[in-house]
Amino acid sequence: MDELHFEKGRTVLPLVGSSFELGKMDEAIASIEDAHLAEIARAEACYFSADAKGCVEIVTKYLQSEDVMLRLSADSLCVFGNLTLKNAKETQRARLDAGQCLQKAFRDNAKEEIKANCVFVNYLINTFLHIRTGAEMPSLETYIPYLPIGQRLFALSVLSHGMYLHQNYEKAQGVVQTAMLLTERIYPIPFIYLHCIAAMCQINRKDQKSAVQSIRSAMSLAREDRLFEPFIEYHGLLQGVLEVCLRKSEPEIYKKLTDGIISFSRGWMEVHNSQMNKDVTDVLTPLEFSIAMLACRDWTNQEIAQHMGLSVNTVKHYVSDILNKLQIDKREKIKDFVNQ
């Protein structure tokens with residue numbers, strides 16, 4: 001990219017930043033007048049409804065776009081779409097391109113709006129991949145005010161996710177609560193992510209009742225437009241809440257999520273493990289992984305059983321199977337194989 005071209009009115013990830021009535025996602029996309037942005041939004045719709053292949057097919061042509069907003073959108077969607085498709089090289093290529101856009105924006109002292117979107121996309125990618133950012137990464141908090149409200153809400157979800165990963169659960173939940181108060185309008189995609197992060201924090205405080213309510217609120221936003229990808233991405237960190245909310249009451253949705261979880265997790269692990277020299281496991285089923293996440297956080301079998309609606313003996317059986325699959329002899333060693 002010789003220069004960072006920015007066409008007025010364009011923004012990164014337009015569907016993420018859109019407020020629309022539940023069940024009216026297609027109409028929201030159709031209302032986007034800019035043809036290129038509308039196409040990016042269609043790709044987003046594919047991705048968030050767990051159609052990674054359709055998403056990648058649409059946005060690949062924008063990876064070399066001269067317009068930085070289209071290019072950053074394509075980079076982020078290709079990172080996560082190719083992750084699910086287990087195209088690790090394409091995931092890495094798009095991730096590196098987003099990083100190069102960021103470096104160029106600051107080297108050329110681009111407009112603050114361009115810098116903000118570059119920072120936002122790079123934080124999004126690195127946070128979800130659990131890849132530590134270098135000291136040269138600008139502060140996301142500094143640039144959030146330069147984003148439109150919808151993207152700002154999503155950026156706050158990314159910010160709170162990062163706080164969660166650093167075990168700052170109360171601070172993360174505070175950011176989520178603040179984000180929810182920023183607007184009276186509904187922005188379905190950012191709100192789904194915000195509710196999921198609230199649930200993650202509540203589980204780590206052993207507040208199961210609130211976590212279940214958060215996921216039910218998220219699902220009520222997702223169900224009509226089938227925006228299930230956030231639950232697939234966050235499954236491991238939700239530590240059994242999806243099983244509590246959906247496994248028995250909505251088995252068809254749970255089955256769709258489970259299929260997506262397996263594909264996304266294996267692709268995520270391939271990239272994450274190589275970048276971080278970790279060995280996050282892909283041998284556990286989604287249910288086993290949820291139990292493993294709780295077990296490695298010092299939850300007792302009784303607490304896990306109560307949380308997930310299982311018998312204590314069933315939990316004991318699962319924990320034994322987990323140890324056997326991981327070829328370890330102690331419960332505390334599980335933490336070496338899961339993304340905390």
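1. Let's start inside the protein. Helix α4 gives the lining of the largest cavity its largest share, three residues. Keep in mind as you look around that this is a predicted model.

2. How many cavities of 30 Å³ or more does the structure hold? There is one. The volume of the largest cavity comes to about 100 Å³.

3. If you want to find them on screen, pick out L13, V16, Y47, F48, S76, L77, F80, L124, F128, F154, Y193 and E233, which line the largest cavity. Three helices each put at least two residues into this lining: α2 (35–48), α4 (68–84) and α6 (112–128). Sorted by class, the lining has ten nonpolar residues, one polar and one charged.

4. Helix α2 packs against helix α3 (residues 52–59) with the axes 7 Å apart and an angle of about 160°. Why call the pair roughly antiparallel?

5. Which residues make the contact between α2 and α3? On the α2 side you'll find E39, I40, R42, A43, C46 and Y47, and on the α3 side A52, G54, C55, I58 and V59. Eight of the contact residues are nonpolar, one is polar and two are charged.

6. Next up is α6, with helix α5 (residues 88–107) as its partner. The axes of α5 and α6 come within 9 Å and cross at roughly 150°, which makes α5 roughly antiparallel to α6. The crossing of α5 past α6 is left-handed.

7. From α5 come R95, A98, G99, C101, L102, A105 and F106. From α6 come I114, K115, C118, V119, V121, N122, I125 and N126. By class, that contact splits into ten nonpolar, three polar and two charged residues.

8. Last, go to helix α15 (residues 286–295) and helix α16 (residues 301–308). Their axes come within 10 Å and cross at roughly 135°. Are α15 and α16 roughly antiparallel or oblique to each other? Roughly antiparallel would need an angle over 145 degrees, so α15 and α16 are oblique. The crossing here is right-handed.

9. To see where α15 and α16 touch, select L287, S290, I291, L294 and A295 in α15, then I304, H307 and M308 in α16. Six of the residues in this contact are nonpolar and two are polar, with no charged ones.

Note on methods
Residues are numbered from 1 along each chain as its sequence is written. This is a predicted model: local features need pLDDT of at least 70, side-chain atom pairs count only at pLDDT 80 or more; totals for chains, interfaces and linings use all residues. Side-chain values use heavy atoms; hydrogens and water are left out. Axes are lines fitted to C-alpha atoms, for helices over the stretch in contact, and angles run from 0 to 180 degrees between N-to-C directions. Helices (H or I, at least four residues) and strands (E, at least two) are DSSP runs, numbered from the N terminus. Angles under 35 degrees count as roughly parallel, over 145 as roughly antiparallel, 65 to 115 as roughly perpendicular and the rest as oblique. A crossing is left-handed if the near helix is turned anticlockwise from the far one by less than a right angle, and right-handed if clockwise. Contact means heavy atoms within 4.5 Å. Ala, Val, Leu, Ile, Met, Phe, Trp, Tyr, Cys and Pro count as nonpolar, Asp, Glu, Lys and Arg as charged, and the others, Gly among them, as polar. On a 1 Å grid over the protein atoms alone, a cavity is a set of points where a 1.4 Å probe fits but cannot get out, and a pocket is an open set with protein on both sides within 12 Å along at least five of seven lines; lining residues have an atom within 4 Å of a point. Grid points are joined across faces, edges and corners, and a volume is the space filled by probe spheres set on the points.
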